[in-house]
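Welcome, and please open your viewer. We will go from stop to stop, with something to select at each one.

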Amino acid sequence: MWTLVKIKIFPWLALWMFFLLWNTIEAQTRYTIPEELDVGSVVGNIAKDLGFDISKISDRKLRIAPGAGKQYFAVDLGKGELIVNERIDRESLCGQSASCLLPLQVIIEDPLQFYRVEVEILDINDNSPRFKSEENTVNVAESTLPGARIPLETAQDPDVGANMLRSYTLNKNDFFKLNVKNSRDGTKIPELVLENAVDREKQSVHHLILTAFDGGSPARLGIAKFTVIVLDNNDNAPSFEQDLYEIHVSENTNPGTLVLTVKADDLDEGSNSAIVYSFGSQTPDDVKKRFAIDQETGEITLSHELDYEIGPSYKFDVCARDKGTPSMEGHSDVQVTVIDVNDNSPEITITSSPKPIREDAPVGTMVALISAKDLDSGGNGQVSLRMSSDYPFKLNPSFADHYALVTHSTLDREKYPEYRIELEASDSGSPALTSIKIITVDILDVNDNPPVFSQPSYTVYVRENNAAGSIMCSVSASDPDIGENAKISYSILDSKVQDMSVSSYIYINSDNGSIFSMHSFDYEKLKVFQIQVQAKDHGSPSLSSNVTVHVFILDQNDNAPTVIYPSAVMGSVSHQKMPRSAKAGHLATKISAVDADSGHNAWISYRLVEATDSSLFSVNLYTGEVRTKRAVSEQDDSSQRLLIEIQDNGEPVQSATVTVNLLLEDGLHEPISDFRQKTAEPSKRNSKITFYLIISLASVSVLSLLTFLILVVKCVRNSRSSSSCCIRRADSDGYKNPNRNLQLQLNTDGPIKYVEVLGGDMLSQSQSFRSCLSPVSEFSDFTLVKPSSTTDFQDMINVLDASLPDSAWTFESQQQKPPNNDWRFTQQGQRPGPSGAGPHPEGAGGAIVGTGPWPNPPTEAEQLQALMAAANEVSEATATLGPRYNAQFPMQHVPDYRQNVYIPGSTATLTANPQQMMPQPALQGPPQAMPQVDVPNAAQTPASKKKSTKKDKK
């Protein structure tokens with residue numbers, strides 16, 4: 001505790017000095033000032049005393065909470081000083097109370113805080129003692145004995161303490177003296193005491209002056225004149241039974257109720273003893289208003305309702321006067337104490353109206369300052385305040401029936417934007433009285449919610465070749481906040497798409513989230529990409545959230561089919577040869593084409609548009625195989641021109657054409673008879689084939705089992721030196737090199753099912769011999785061809801080894817023992833595409849898919865030239881168009897771009913096999929596992945061309 005004393009001199013009190021004292025006790029500040037200060041006088045620097053920054057009190061609205069009466073004080077926001085706002089009269093504020101304190105509630109906002117400040121009002125001697133009547137008359141009988149006491153009127157001084165009434169004096173005379181009596185409440189009552197007997201004949205009237213002094217410095221006084229008249233007869237004055245009557249009356253006593261009966265006696269007789277009762281001449285008007293006295297009986301009744309809050313007690317003088325001549329009177333005091341009853345309900349006052357509070361306000365933040373009081377006294381005036389429901393607020397008692405409404409838990413504006421708080425105040429009376437007041441607290445929004453997209457992710461499908469600037473889709477997000485906190489702006493986070501910024505592809509409207517394309521898309525270059533869209537609100541600090549937009553480019557039929565084989569320049573004619581002895585179903589040539597589009601747009605169909613003789617040739621719709629519809633006759637032109645159109649399955653249809661000129665020459669023979677011609681043979685032939693098939697299948701099963709056992713033994717022996725199992729060719733196979741091995745691999749990848757036989761030197765390049773079976777091809781004839789000679793096949797291997805690198809090409813063949821003639825195996829179904837039905841004649845007993853004669857063998861120079869051209873074309877087609885078909889678009893007829901290169905006039909087939917470099921599951925088996933059947937001699941291969949020529953000469 002600490003005290004600071006300040007001295008101020010006011011100009012209107014030149015010689016008056018007083019102390020301005022203020023104390024701070026337990027965070028409570030008290031100022032002490034005298035009453036009657038001039039308006040604008042400074043009480044103290046309240047901003048400094050409470051620890052506020054003077055520069056901020058204006059923005060924070062430092063003020064004094066208004067009270068029920070006058071606003072005696074105010075705050076100078078420029079200086080932070082507490083100044084007098086109204087004239088202060090202590091007597092009107094506190095009456096005769098020894099202490100006069102004015103409580104002030106100082107309120108400051110942002111955040112809301114309040115402080116209790118007390119201003120003690122000191123009394124100054126600004127009132128002189130006053131008598132109600134300055135001229136008074138006192139009657140004294142001539143027969144009155146010395147020592148008799150006659151009460152006089154009391155002077156009134158509203159000041160307190162040292163300034164209150166202190167003494168009386170009476171002017172000097174020979175018959176009377178002054179006696180001052182102290183009552184129970186400390187009031188000084190002057191009495192006139194008869195010191196010597198009076199004689200009417202000598203002096204019938206005496207003039208006395210009564211002076212009242214207070215204790216001020218300087219002292220103030222009041223004067224009253226008393227005229228004492230000496231009466232001739234009526235020796236005895238009326239006398240009351242009690243000098244003081246005391247009574248307690250409840251404030252709810254009904255008017256007309258008897259309160260008290262006073263009684264006086266007179267020792268005289270006759271009319272001198274008849275008594276008339278009345279209130280004393282100094283009785284206040286308020287007493288005369290509320291009470292009445294019966295002149296005959298002395299009964300005092302209640303004439304008006306009592307109110308403890310207005311007058312807790314009443315003290316007045318009653319007079320009993322006889323009817324003698326001269327009339328004599330007696331006096332007595334009556335003290336009426338009013339008993340308080342619980343007749344006032346509590347009053348709830350919002351000292352500081354609640355201002356909107358932020359939803360992120362910490363627990364304990366003050367919202368409002370509330371006071372509850374009751375005009376009753378004692379237990380009837382004790383008030384308790386509570387909230388009728390469960391709110392995130394609580395009431396903290398502060399001081400003198402004041403409560404602070406503070407936050408009790410976290411707030412959420414999105415759930416409750418405002419609270420209507422019901423306050424209930426009740427007193428402690430019996431029965432208790434209550435009152436209810438409702439206040440509204442608004443919750444201010446805080447940016448505590450990020451935007452939320454309507455979907456966790458977005459998927460957009462855009463057709464290729466779309467118009468630049470067209471809208472692709474719209475994203476939308478919502479924010480439960482309000483105002484600026486709910487305004488959302490959309491943007492695209494920077495990322496790379498094919499090494500380019502995503503902003504070069506798309507644009508987003510920042511206001512509504514609409515996404516536009518910056519240019520048209522090409523499915524063949526870009527199929528799918530992702531973008532990150534960010535939604536950010538305008539709060540401070542701003543919050544954001546992201547969403548992924550998946551953009552899929554839909555293929556359009558914007559690419560026409562491209563012809564791979566025959567490799568004729570656009571507009572030129574491809575010349576090929578075929579024997580005039582060709583039968584019906586003879587494979588004249590095969591058209592291979594691809595489409596850069598995907599899905600249904602890449603499905604290719606072939607049809608014959610123009611032909612020299614339309615009855616001679618037909619084109620397979622899916623495979624592009626050109627076959628004879630009938631046997632070639634001598635009457636047919638030697639040059640057959642075919643115009644073939646290749647169409648895709650898109651909308652609109654894209655197409656390409658190729659012109660093939662077939663030359664019919666004599667001397668060319670069909671190496672392999674058509675299987676469909678064999679179907680016209682007698683039924684006996686069919687039965688024999690069926691029998692051969694049964695025997696072959698049984699033989700294959702037995703040999704496969706034996707082969708498997710042999711392979712297991714060899715793999716166990718060679719496991720230490722090699723991780724793969726292989727089979728050495730025996731000398732009977734025609735291979736003299738002991739290091740050349742065969743390895744069988746079953747490839748089931750994709751719609752093409754084929755067996756691949758790998759063979760080669762362990763320390764040099766390898767050779768691949770492949771047997772392809774197409775399950776969806778139109779023709780799937782499987783024919784084992786007897787090799788012309790082992791030496792020819794070996795020579796052919798050597799030629800291929802020397803001409804092509806093994807990293808890019810493999811020679812498809814199966815080296816096996818010569819099969820029996822005319823043994824054939826037919827597999828149903830063939831699929832479209834360049835490799836779906838192409839024949840695979842092997843020079844050494846290879847497997848052939850598809851039947852029909854090939855054109856006459858060309859020269860070696862022509863073979864080499866065709867071989868190199870086909871290798872280049874297939875390599876380019878495989879590298880460019882192969883990846884366009886993937887598992888995303890499963891189709892029934894999907895072209896196979898592992899193109900087989902057919903060499904006109906040869907039964908050998910070359911293939912570019914990028915998968916050869918990849919490990920494949922090996923299925924090993926000896927060459928002799930295949931059954932030996934008799935078949936027609938195979939056509940000549942490049943490796944056996946010279947030897948065949950010699951045979952022809954012989």
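**A loop with a buried aspartate**

Start by selecting Asp 595 and Asp 597: the side chain of Asp 595 reaches the backbone nitrogen of Asp 597 at 2.9 Å. Keep in mind as you look that this is a predicted model. Asp 595 sits in the loop between strand 48 (592-594) and strand 49 (604-611). Is Asp 595 buried or exposed? Its relative accessible area is 0%, so Asp 595 counts as buried.

**Step back to the whole chain**

Now zoom out and show the chain as a cartoon. You will find 8 helices and 63 strands in the protein chain. Of its 954 residues, 46% count as buried. Take the contacts between residues at least 6 apart in sequence: 68% of them join residues at least 24 apart. The chain exposes about 46800 Å², and carbon and sulfur atoms supply 53% of that area.

**The largest nonpolar core**

Next, select Phe 453, Val 475, Ile 515, Phe 521, Val 533 and Val 549. These are the residues with the most contacts inside the largest nonpolar core, which has 27 residues. Which elements give two or more residues to this core? They are strand 35 (457-463), strand 36 (471-474), strand 38 (488-492), strand 41 (506-508), strand 43 (528-537) and strand 44 (544-554).

Stay with Val 475 for a moment. Leaving aside its neighbours within four places in sequence, Val 475 is in contact with residues including Phe 453, Tyr 458, Tyr 490, Ile 508, Ile 515, Val 533 and Val 549. Asn 512 and Gly 513 are also among the contacts of Val 475. Apart from this core lies another one, of 25 residues; to find it, select Ala 47, Phe 52, Leu 62 and Ile 88, which are among its members.

**Charged pairs**

Side chains of opposite charge can pair when their charged atoms come close.

- Select Glu 109 and Lys 355. They form a salt bridge, with the closest N and O atoms 2.7 Å apart. This pair links distant parts of the chain, 246 residues apart: Glu 109 is in the loop between strand 8 (101-108) and strand 9 (113-122), and Lys 355 is in the loop between strand 26 (347-352) and strand 27 (357-358). Glu 109 counts as buried because its relative accessibility is 6%, whereas Lys 355, at 35%, is partly exposed.
- Move on to Glu 645 and Arg 607, a salt bridge whose closest N and O atoms are 2.6 Å apart. Glu 645 is buried, with a relative accessible area of 12%, while Arg 607 is partly exposed at 42%.
- Then try Arg 627 and Glu 625, whose side chains meet in a salt bridge (3.2 Å, N to O). Arg 627 counts as buried at 4% relative accessibility, and Glu 625 counts as buried at 1%.
- Finish this stop with Arg 30, Arg 116 and Glu 118, which are linked in a network of salt bridges.

Look at Leu 706, which lies in helix 5 (residues 683-718). With a relative accessible area of 45%, Leu 706 is partly exposed.

Terms used: Residues numbered from 1 in each chain as written. Predicted model: local features only at pLDDT ≥ 70, side-chain atom pairs only at ≥ 80, totals over all residues. Heavy atoms only, no water. Helix = DSSP H or I, 4+ residues; strand = E, 2+ residues; numbered from the N terminus. Buried < 20%, exposed > 50% of the residue type's maximum accessible area, 1.4 Å probe, protein only. Contact = heavy atoms within 4.5 Å. Areas by Shrake-Rupley, 256 points an atom, 1.4 Å probe, with all protein chains shown as cover. Polar contact = N/O pair within 3.5 Å; in protein donor to acceptor, adjacent residues only side chain to side chain. Core = buried A, V, L, I, M, F, W, Y, C linked by side-chain atoms within 4.5 Å. Salt bridge = Lys/Arg side-chain N within 4 Å of Asp/Glu carboxyl O.
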